[in-house]
Amino acid sequence: MTATYDQWLETYSDAFDASPGRIGIACPNCGHFCLQRIFTGDLDRLVGYCHFWCDNCRTGIFVGRTDIPEGAVIRDIHVPENERVPRIPSYRLIQDL
């Protein structure tokens with residue numbers, strides 16, 4: 001069974017303050033501890049958006065207009081899309097209905 005958007009958002013909220021790198025929370029979809037997040041935003045204001053997904057089941061959500069926690073992996077929004085690193089892998093996007 002696929003986790004709902006609300007379940008993903010709750011997991012994102014739990015993982016928001018996790019240190020960069022490995023997030024010690026299980027994926028709401030498959031249960032593996034393979035969650036990843038990459039923010040894209042303004043490096044000075046620490047506001048942007050986030051891709052949040054599981055490397056195991058390649059499922060996740062997109063969170064728009066969010067604060068960026070200190071120490072997070074951030075892609076500069078002022079850099080052209082095709083030059084931003086790290087790259088975000090393709091994953092199945094769960095949307096809010």
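1. A nonpolar core here means a set of buried Ala, Val, Leu, Ile, Met, Phe, Trp, Tyr and Cys residues joined through side-chain atoms within 4.5 Å. Please keep in mind that this is a predicted model. Its largest nonpolar core has 18 residues, and those touching the most other members are W8, Y12, L35, F39, C50, F52 and I61. Two or more core residues come from each of α1 (5-15), β1 (35-42), β2 (47-54) and β3 (59-67), with α1 giving the largest share, four residues. In soluble globular proteins, nonpolar side chains tend to be buried together.

2. F39 deserves a look on your screen. Beyond its neighbours within four places in sequence, F39 is in contact with residues including Y12, F16, Y49, C50, I68, P69 and V73.

3. Which cysteine sulfur is nearest to that of C30? The structure as a whole has zero disulfides, and the sulfur nearest to C30 is that of C54, 3.7 Å away. A disulfide needs the two sulfur atoms within 2.5 Å, so at 3.7 Å the sulfur of C54 is too far from that of C30 for a bond. C54 counts as buried because its relative accessibility is 0%, whereas C30, at 27%, counts as partly exposed.

Conventions
Residues are numbered from 1 along each chain as its sequence is written. This is a predicted model: local features need pLDDT of at least 70, side-chain atom pairs count only at pLDDT 80 or more; totals for chains, interfaces and linings use all residues. Side-chain values use heavy atoms; hydrogens and water are left out. Buried means under 20% relative accessible area, exposed over 50%, partly exposed in between (1.4 Å probe, protein chains only). Contact means heavy atoms within 4.5 Å.
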